[in-house]
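I opened a new structure today and kept notes as I went. Here is what I looked up, entry by entry.

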Amino acid sequence: MPQKLISLTYHLLQEDQVATKDHLEFSRLLTQITMAARIITQELRRAGLADMLGKTGAVNVQQEEVKKLDEFANETLISACEESGLVFGAASEELKSATHFHLHGRSGAAYAVLFDPLDGSSNTDVNGSLGSIFSIFRRRSLQGVGTDADLLRAGRELFAAGYILYGPSIMLVYSRGLGVHAFTLDPGVGQFFESHYQIRMPAHGAVYSINEGIRRRWQPGIAAFIDRLQSEDSPAGKPYSTRYTGCLTADFHRILLEGGVFLYPEVLGNDGHYSGKLRLLYEAMPLAYLAHNAGGRGSTGLEPILDIQPTSLHQRVGLILGSQAEVHLAEQIISEAVSEKECESRA
Ligand code: P6P
């Protein structure tokens with residue numbers, strides 16, 4: 001028996017006290033996404049028994065090897081969006097371009113959904129945490145049909161965003177700009193029940209999350225920032241602990257609830273240029289939106305994630321995400337490092 005008897009359905013109905021067409025449509029769309037999450041959960045739970053581990057042999061637009069579970073999650077979410085009747089187009093980490101739903105005249109539908117269907121898929125074969133991350137935009141103009149321009153939007157224009165975390169518990173975390181709320185799946189009942197209402201990220205934490213293995217390639221300032229977190233002169237007044245799972249969703253979820261900072265900064269490539277790994281539209285942006293709505297912050301180190309105007313669907317960014325104290329400190333140290341580098345290059 002769940003402690004709280006507020007199901008996701010009832011939570012959405014309660015919020016409907018200010019029932020608007022937007023909210024009623026969002027409720028229907030979120031219901032579809034959580035139905036997809038339950039189907040993906042079932043597949044994850046028995047992947048090792050149903051020959052669903054391992055790779056498909058295909059390589060996606062990211063030049064990453066596609067896992068069988070990536071493909072399953074992608075197909076499930078695409079179908080859920082199309083069957084909702086509310087989505088004119090969907091974009092996915094797994095697909096080169098957006099899928100426009102012309103079926104049943106849905107091209108006139110109001111919403112676009114962009115998602116990473118299975119985040120952290122390096123964890124699929126080792127029973128590690130995984131996630132599905134989604135951004136939802138409402139078309140600027142409802143005249144005519146939705147176009148790719150309706151997908152390339154800055155985070156400040158998000159209609160809603162969220163993620164499903166496939167961990168020991170299956171959790172949905174979402175925001176529509178009116179607070180961040182979390183729901184936990186009761187597998188016995190098959191329903192999501194409200195477990196965290198109006199989540200507020202602590203002003204600072206005591207944990208940082210980063211892949212230390214590529215320290216030598218981090219963008220200027222990141223190493224100095226991590227050194228600061230490992231000192232007594234950190235925002236917590238003591239050295240931080242490090243936690244890193246290889247799944248952005250799981251690492252961010254910890255930071256959302258307990259504070260601290262997650263970083264995947266730009267790294268120096270073999271071409272001599274710094275570039276990000278995480279994708280803006282369906283990884284960095286939705287999580288920065290959630291962080292912002294919970295009182296935290298998301299930045300590239302040089303600008304807020306939510307201010308970036310995307311120019312391409314799979315655009316990548318450096319990401320620093322978490323409590324205000326740590327992210328502002330990182331921005332300060334990075335800014336100083338960039339200024340020093342510019343002075344050196346002029347000398
Ligand atoms: P690395 C997973 O592929 C992902 O996109 C994020 O979930 C995760 O934070 C990151 O990449 C892990 O990357 O280079 O540490 O394996």
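**Entry 1: the model**
I noted at the start that this is a predicted model.

I then listed the neighbours. There are 13 residues around the ligand, and those that come nearest are Asp119, Tyr244, Leu248, Tyr264 and Lys277.

**Entry 2: contacts of the ligand**
I went through the oxygen atoms of the ligand. One oxygen atom of the ligand is 3.0 Å from an N or O atom in the side chain of asparagine 211. For leucine 248 I found a backbone N or O atom 2.8 Å from an oxygen atom of the ligand. For lysine 277 I found a polar side-chain atom 2.9 Å from an oxygen atom of the ligand.

How much of the ligand does the protein bury? Taken alone, the ligand exposes 400 Å², and the protein buries 82% of that.

**Entry 3: helix α5**
Leucine 248 took me to helix α5, which spans residues 248-258. Is this helix largely enclosed or largely open? Eight of its 11 residues are buried, so α5 is largely enclosed by the rest of the structure. I wrote down the buried ones: Leu248, Thr249, Ala250, Asp251, Phe252, His253, Ile255 and Leu256.

Histidine 253 lies in α5. It counts as buried because its relative accessibility is 8%, and the cut-off for buried is under 20%. Its side chain makes a polar contact with the side chain of tyrosine 163, at 2.6 Å.

I also checked what comes after the helix. Glycine 259 follows α5, and its phi is positive, near 85 degrees.

**Entry 4: glutamate 194**
I moved to strand β10 (residues 191-196), where glutamate 194 is found. Is glutamate 194 buried or exposed? At 7% relative accessibility, glutamate 194 counts as buried. I looked for a partner of its side chain. The side chain of histidine 11 makes a polar contact with it, at 3.1 Å.

**Entry 5: isoleucine 210**
I found isoleucine 210 in the loop between β11 (207-209) and α4 (222-229). Isoleucine 210 is buried, with a relative accessible area of 2%.

I turned to positive phi values in residues other than glycine, and noted asparagine 127 and glutamine 198.

Asparagine 127 has a phi near 55 degrees. I located asparagine 127 in the loop between β5 (111-119) and β6 (130-138). At 76% relative accessibility, asparagine 127 counts as exposed.

Glutamine 198 has a phi near 50 degrees. Its place is in the loop between β10 and β11. Is glutamine 198 buried, exposed or partly exposed? Glutamine 198 counts as partly exposed, because its relative accessibility is 36%.

Conventions:
Residues numbered from 1 in each chain as written. Predicted model: local features only at pLDDT ≥ 70, side-chain atom pairs only at ≥ 80, totals over all residues. Heavy atoms only, no water. Helix = DSSP H or I, 4+ residues; strand = E, 2+ residues; numbered from the N terminus. Buried < 20%, exposed > 50% of the residue type's maximum accessible area, 1.4 Å probe, protein only. Polar contact = N/O pair within 3.5 Å; in protein donor to acceptor, adjacent residues only side chain to side chain. Near = heavy atom within 4 Å. Areas by Shrake-Rupley, 256 points an atom, 1.4 Å probe, with all protein chains shown as cover.
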